[in-house]
Amino acid sequence: MRKPKSKSSRKQKDLSELQEIELLNSWIESQKPDCGSNPMSLPALPSDVPVGRLGGTLFSPYAGATRFEQLPVSKKTKDALRQCKYVEMTDIQRASLPHALCGRDILGAAKTGSGKTLAFVIPLVEKLYRERWGPQDGVGSIIISPTREIADQTFDVLKFVGRHHNFSAGLLIGGRKVEEEKEHVNDLNILVCTPGRLLQHMDETPNFDCSQLQVLVLDEADRILDVGFKDTLNAIISQLPKKRQTFLFSATQTKSVKDLARLSLKDPEYLSVHEKAVTATPTLLQQAAVIVSLDKKLDVLWSFIKTHLNYRILVFLSTRKQVKFVYEAFKKLRPGIPLKCLHGKMKQEGRMGTYSQFSEKRCVLFSTDVASRGLDFNKAVDWVVQVDCPDDVASYIHRVGRTARYQSKGQSLLFLLPSEVKMLEKLKEAKIPIKSTQANPDKLQPVSGLLASLLVKYPDPLLGLAKRAFITYVKSIQKQKDREIFDVTNLPIEEFSASLGLPITPKIRFANQKIKSKKVPELSPLVEPESWDKEDRLELPKEELDIGDFMEEEGGEEDALVRNATANEAEGEGRKIGDIIPATRVSKKKKLKINIHRPVGTRVVFDEEGNTLPPLARLADINNSGLPDEIHDMKNEYYKKLREDMKVVDKEDKVLDRQRRREKRLKHKMKLKRGNTEEDSEDNLSDSEGEPAEDRPRKKSKIYFGSDDEGEREEGKKKLGFTADSMSLEEQEALALKLLNSMHS
Ligand SMILES: Nc1ncnc2c1ncn2[C@@H]1O[C@H](COP(=O)(O)OP(=O)(O)OP(=O)(O)O)[C@@H](O)[C@H]1O
């Protein structure tokens, strides 16, 4: 145990701290543009770090510094940085820290994973240190993050950097008990929060006071300034003092004067360190795009996962319901790699748990855009797969930015619908080096048929999830702003629905109305669009991008059942042999023909209009050779069980049917013999209800066979002298005939 410090040593420490603060403050003073002196001048600004000032001239006295050690920051901060092994500064840190430490407002833009967090955490801590901020001074700094996970992560960085300082800091995010927070929030000096929770405290916590705020940080600034947070942010800003230092950081920074005016920035330094870089994304990131039709997306995703079982893969889908469905369904299919999911409606504990557990060596995390920004997963993500097209270029940049972070390599794959190819142009215009590649249909492992059987086997919850996934996806496309890329009328919704394993296409009024008028083009799902530049093709994706076996050059062995078009048919329809036929609902006539060759036990279900339900139809057509062993076995086992069950049910049905017919015949005979004089209420009932007698529930008062009512059974016995249990059908029939004959005679 450490000895308690004596009074004199504490005094000495205080004194040295005071001296340090004085020194730092005098340095800051000397750096003001109008001061004219530069006592701690360093080498000139390197030419590869373009630094500019919005509407002003560059003033960056420390821009030549490359190591944290060289910066005018407190010993406490330097010690912490050293302990965390932060030695060399990244570009954005080199460019922004000297300005930020001088007290200027910063608009910082740098590629994803380039260390922007430290670029605002260090000056924030230093500012409070120089101001000798203490617990009694209340809130001195606020960092606003768009998601809980980013806030949590930033809080960790803050804890590291501020470990030797004496400030109190708190994480205020949704999903936690607000009442507990209210008790402590007034004692905190630094708040790391999400906008909603901060405003909640501003509105509800008694005496919550931010009037002394020194530094405000908007991390992922363009997102926070976005319409989604507009009202909340305006309400927050209105309660903050105008005299403060403000930092705005993002990989896709806003330059909107309107936004800056909202935040009352004063001559902000616009530091876009990678503006002149050749690419807008990390240099070590390799990016590819593949054209996939909507109904083949899950097949391609499944194949990708099956061929990348030793990687850490982050998969983006556009809606929460899709994430839930794909996660639950794929989990049941057991691909051979741990699966996780992350979305905004998960409970806080689960959300944080998933986020921190995504450090397993091999793992697939299905996520919505909640994980698209700012997250720095503990261990490097190997692959980012965007199954659904991002909303815009900025969203793409943030999503792929979850890999290839700070000097590590990464790979990304973007799925685009044939109708979304325009996105590729936009990405290229934004200096994103993305290569187009093709999935090899021969290597594709179809999963849609398996999903159909899963939905039959586990209707709860999979059927509901699939429906919701379908609806939310279509709606998400409809809501997209960029109509050049997203066109809901171009979606092959029938095929998409079938590919999720759904027996019938759920109705979406707005979408159906729009789609009805437009014929869905019969696009081959894996065909390279003509507009693609051949030079863009990724010739050797396997070596370079490790895309896996199923992403190969055209040609190769044909999968007769998956690609079941004959040469003639294909040519006639303008398709190539080898194109995968989309899962369309064919005419009843055609399907009946297919039905004849259906293996025993395979059920064909028709909808109300007489169309067969494609997933089940497709299920029978899927070539098992394309399936992995365990799924093949699962499927066979499932079929076997299905066949056995069907045989039993079939046998029972036949016996029951025979019995009913005999009964009917018997009654008919009895009626005839009585000359229709005697009223048969059962038959009357049948007519009155207009149902065939055998399908109608029998009236309890008339039936004694197997009645639950003991009294009725006894009465029946008395009347007829037998029970159904005690006689075979033949005996019953013989007895009835005997009775009839006796009546007749
Ligand atoms: N100077 C440095 N030396 C070593 N590692 C660093 C340095 N600065 C940051 N890092 C590391 O780089 C990684 C990315 O940093 P950070 O999360 O701050 O990136 P970012 O630019 O904010 O990314 P995004 O735009 O995705 O939010 C982190 O793991 C961080 O620890």
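Helices (H or I, at least four residues) and strands (E, at least two) are DSSP runs, numbered from the N terminus. By that count the chain has 27 helices and 14 strands. One of the helices, α17 (residues 459–479), holds proline 461. This is a predicted model: local features need pLDDT of at least 70, side-chain atom pairs count only at pLDDT 80 or more, and totals for chains, interfaces and linings use all residues. Residues are numbered from 1 along each chain as its sequence is written.

**Overall build**

- A residue is buried if 20 or more other C-beta atoms lie within 10 Å of its own, exposed if 12 or fewer, and partly exposed in between, with C-beta atoms placed from the backbone.
- Of the chain's 745 residues, 40% count as buried.
- Two residues are in contact if their C-beta atoms, placed from the backbone, lie within 7 Å.
- Take the contacts between residues at least 6 apart in sequence: 74% of them join residues at least 24 apart.

**Ligand shell**

- A residue is near a molecule if its C-beta atom, placed from the backbone, lies within 6 Å of it.
- The ligand is surrounded by 19 residues, and Thr112, Gly115, Lys116, Thr117 and Tyr406 are the closest.
- Helix α4 (residues 116–130) gives the most to this shell, with three residues.
- The shell residues divide into six nonpolar, nine polar and four charged. Here Ala, Val, Leu, Ile, Met, Phe, Trp, Tyr, Cys and Pro count as nonpolar, Asp, Glu, Lys and Arg as charged, and the others, Gly among them, as polar.
- Domain 1 (89–272) and domain 2 (285–449) each supply at least three residues to the shell. The domain bounds come from an automatic or database domain assignment.

**Nonpolar core**

- A nonpolar core is a set of buried Ala, Val, Leu, Ile, Met, Phe, Trp, Tyr and Cys residues joined through C-beta atoms within 7 Å.
- The largest such core has 146 residues, and Ile142 and Val315 have the most contacts inside it.
- The largest share of this core, nine residues, comes from α4.
- Domain 1 (89–272) and domain 2 (285–449) each contribute at least three residues to this core.
- In soluble globular proteins, nonpolar side chains tend to be buried together.
- Beyond four places in sequence, valine 315 touches Leu301, Val364, Leu365, Phe366, Ser367, Val385 and Val387.
- Leucine 314 is in strand β9. Leucine 314 counts as buried because 28 C-beta neighbours lie inside 10 Å.
- Leaving aside neighbours within four places, the contacts of leucine 314 are Leu365, Ser367, Ala371, Val381, Trp383, Val384 and Arg402.
- Leucine 314 and serine 372 are 58 residues apart along the chain, with their C-alpha atoms separated by 9.6 Å.

**Helix α14**

- Six of the eight residues of helix α14 (residues 393–400) are buried, so the helix is largely enclosed by the rest of the structure.
- The buried residues are Ala394, Tyr396, Ile397, His398, Arg399 and Val400.
- Their cover includes α8 (221–224), β8 (285–291), β9 (312–316), β12 (383–386), β13 (410–416) and α15 (422–429).

**Backbone geometry to check**

- Most residues other than glycine have a negative phi, and most peptide bonds are trans.
- Glutamate 220 has a positive phi, near 50°. Glutamate 220 sits in the loop between β5 (215–219) and α8. Glutamate 220 is buried, with 24 other C-beta atoms within 10 Å.
- Alanine 404 also has a positive phi, near 55°. Alanine 404 lies in the loop between α14 and β13. With 26 C-beta neighbours inside 10 Å, alanine 404 counts as buried.
- The peptide bond from aspartate 460 to proline 461 is cis, with omega near 10°.

**Contacts across the sequence**

- Histidine 165 is in the loop between α5 (148–161) and β3 (169–172). Histidine 165 is buried, with 20 other C-beta atoms within 10 Å.
- Not counting residues up to four places away, histidine 165 touches Lys76, Val125 and Tyr129.
- Histidine 165 and alanine 80 are 85 residues apart in sequence, yet 9.5 Å apart from C-alpha to C-alpha.
- Serine 453 is in helix α16 (residues 448–457). With 18 C-beta neighbours inside 10 Å, serine 453 counts as partly exposed.
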